[in-house]
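The sequence and structure come before the discussion.

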Amino acid sequence: SHKSDLDPDLEFPNAGYARRLYHLPPRKIARSTLSGDLNGVVVSDKNWNISYVLAALQEKNPGIGAALGTDGKKWKAIGTRLTEVLPDTQGSSLSVAFRLKPGQEKVTRFVLAWYAPEWKGNGAPDTAGNTYEHIYAARYLDAVDAAKYLAKNHAKILAHILAWQQEVYDSPQIPGWLADSLINNLHGIPRVGIWAQAKDPIGDWCRKEDGLFALNECPRSCSQMDCSPPSACGNLPLVYFFPECELSTLRAKKAYQFQDGRPPWVFGGCTGDQGPGGYPSEYYELVYPSRGYQAVMNSSNYMVRMDRIWRINQDESFLKEFYESAKKATRWGFNLRPNYGKSQILAMPTPVLDYRKGIPHDTEWFEDKPYHGYVAHAGGYRMAHARMMRRWAEQLGDREFVEEMAACLAAGAQALEEHLWTGTHYRVSNEPETGRFHEPVFTPILTGQFLAHQHGLPGVFPQDRVDQTLKMIRKACAVSQLGIPPNYLNSEGELFKAEHGGYLTGSFTYVTFTTYNIALTFIYEGQKEFGMDLLRKCLEPY
């Protein structure tokens, strides 16, 4: 462990922190040409260690010029001439002359490849942070090597892509609007994914064959690596298509797990940690795990992700590798309000006023407003976690932990009825000892029910309560502007008007990913037509 130089009372379970500015050397542009099957230009900056290739495939003597930018006159002239290449020119353009008779056609293929093998932890090349090396740098020597690989294999790669996409489009169960979304949304993985080689500053726990992969929550705003809630909500494509990447991330979660059992909330510090006793915030760092906040669901996010990987591989060695980590995280996550006993599986953590000694206690990943005492949404999510963990314990013969999870589930079910069910709906939260409660209907409140079903487990809410909640949501859809349930309803299942709201409160306010959860809940509860229509309203272009 390493003591943070920002706060000696807080520990990082990893190497030290070197915060500094990185001053780049002057640019040193070099240009050369490619010939053979690939004809074009190679541009590199020797001092910055970056390069790119722009070339035409199987085309002799293409025109090579400088960048055209947004100058319409330059674009108009490309049939006769390209912009002159001057010394130290960085941008490039490429043209191929052709002449066609009526009815003829010709395909010209261009290749663009780039090579920037390193990145800085703060995201920009001239700012603070550690230096990391992309895993593709272990596979390709330079931009030319990558371009030649693509040129040689493009037909096979394209055929492979079209083949798996066609399976989606040919499925009679998948309408076109959903097929488009399932395929096109995958662009987010390479867009925000970072995959580092297992080199310093990443610790020696990291396997060479794994590297360290992580998704950035949102590079343009809330930029942080492997933020636990969005990764748990949106990592299913990784699990299905690139499980080795998700396994790499989970191994980092396990390696960075804090001594008390909590898994890291992010890998590189976060904006929320800049207050008293905060961690450094480096948007593309991978070795400064943060406790973060939203503790009530943190260990459950970790469990959901682990169980997804196990569900697709059914590999007992995976269970054995992660079992103790999962057990440790579970015990930490289910013991945040000790005075509630076993029913704390349904509760927010004990209030903590000093951030240096603990964690903010009063929010979850919905982040709309403080929650107090028993909570139905986060509680149901954690009960789904308990069912997953109990199944792991059963698989490995840990009877003591099976019984511990069963006791938590029983206490949680009782607390749901005693403290949160009003007779018509579940309260958002209720703290009996203070009388503080939040009364509206929170429409994604059955997320734990959906997750349990998704993972092949029995639901966590009584069926009659589920049916009543879904009826209220249906009613709200009928009066909302887009036919999509807003985040909150009143006790009659009508639009909610809040006197004092959070940033996600409003009569018509909804969040896309929670709407997906609601739609999938309907589908798993046997109301497929309504659930699919709700998805369509979110996904189909207008």
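In sorting lining residues by class, Ala, Val, Leu, Ile, Met, Phe, Trp, Tyr, Cys and Pro count as nonpolar, Asp, Glu, Lys and Arg count as charged, and the others, Gly among them, count as polar. The model discussed here is a predicted one.

With that classification, the lining of the second largest cavity has 4 nonpolar, 2 polar and 3 charged residues. The residues in question are Phe213, Ala214, Leu215, Asp226, Ser231, Leu238, Glu246, Thr249 and Arg305, and the elements that contribute two or more of them are strand S12 (212-215) and helix H7 (243-255). Strand S12 gives the most to this lining, with 3 residues.

The largest cavity is lined by Thr443, Pro444, Ile445, Leu446, Thr447, Leu470, Ile473, Asn517, Ile518 and Thr521. Two or more of these lining residues come from each of helix H13 (463-479) and helix H14 (512-524), and the largest share, 3 residues, belongs to H14. By class, the lining of the largest cavity divides into 6 nonpolar and 4 polar residues, with no charged residue.

| Cavity | Volume | Lining by class |
|---|---|---|
| Largest cavity | about 40 Å³ | 6 nonpolar, 4 polar, no charged residues |
| Second largest cavity | about 30 Å³ | 4 nonpolar, 2 polar, 3 charged residues |

Helix H14, which gives 3 residues to the lining of the largest cavity, also packs against another helix. Two packed helices are described by the angle between their axes and the distance between the axes. For H14 and helix H15 (residues 528-539), the axes come within 7 Å and cross at roughly 160°. Because angles over 145 degrees count as roughly antiparallel, H14 is roughly antiparallel to H15. The crossing in which H14 passes H15 is left-handed.

Turning to the strands, an open sheet of 3 strands is found in the order S13-S14-S15, with antiparallel pairing. Its edge strands are S13 (374-375) and S15 (436-438), each of which pairs on one side only. Strand S13 is joined by 2 bridges to strand S14 (residues 429-431), and these strands run antiparallel. Within this pairing, Val375 stands opposite Ser429 in S14.

Methods. Residues are numbered from 1 along each chain as its sequence is written. This is a predicted model: local features need pLDDT of at least 70, side-chain atom pairs count only at pLDDT 80 or more; totals for chains, interfaces and linings use all residues. Side-chain values use heavy atoms; hydrogens and water are left out. On a 1 Å grid over the protein atoms alone, a cavity is a set of points where a 1.4 Å probe fits but cannot get out, and a pocket is an open set with protein on both sides within 12 Å along at least five of seven lines; lining residues have an atom within 4 Å of a point. Grid points are joined across faces, edges and corners, and a volume is the space filled by probe spheres set on the points. Helices (H or I, at least four residues) and strands (E, at least two) are DSSP runs, numbered from the N terminus. Two strands pair if DSSP finds at least two bridges between them. Axes are lines fitted to C-alpha atoms, for helices over the stretch in contact, and angles run from 0 to 180 degrees between N-to-C directions. Angles under 35 degrees count as roughly parallel, over 145 as roughly antiparallel, 65 to 115 as roughly perpendicular and the rest as oblique. A crossing is left-handed if the near helix is turned anticlockwise from the far one by less than a right angle, and right-handed if clockwise.
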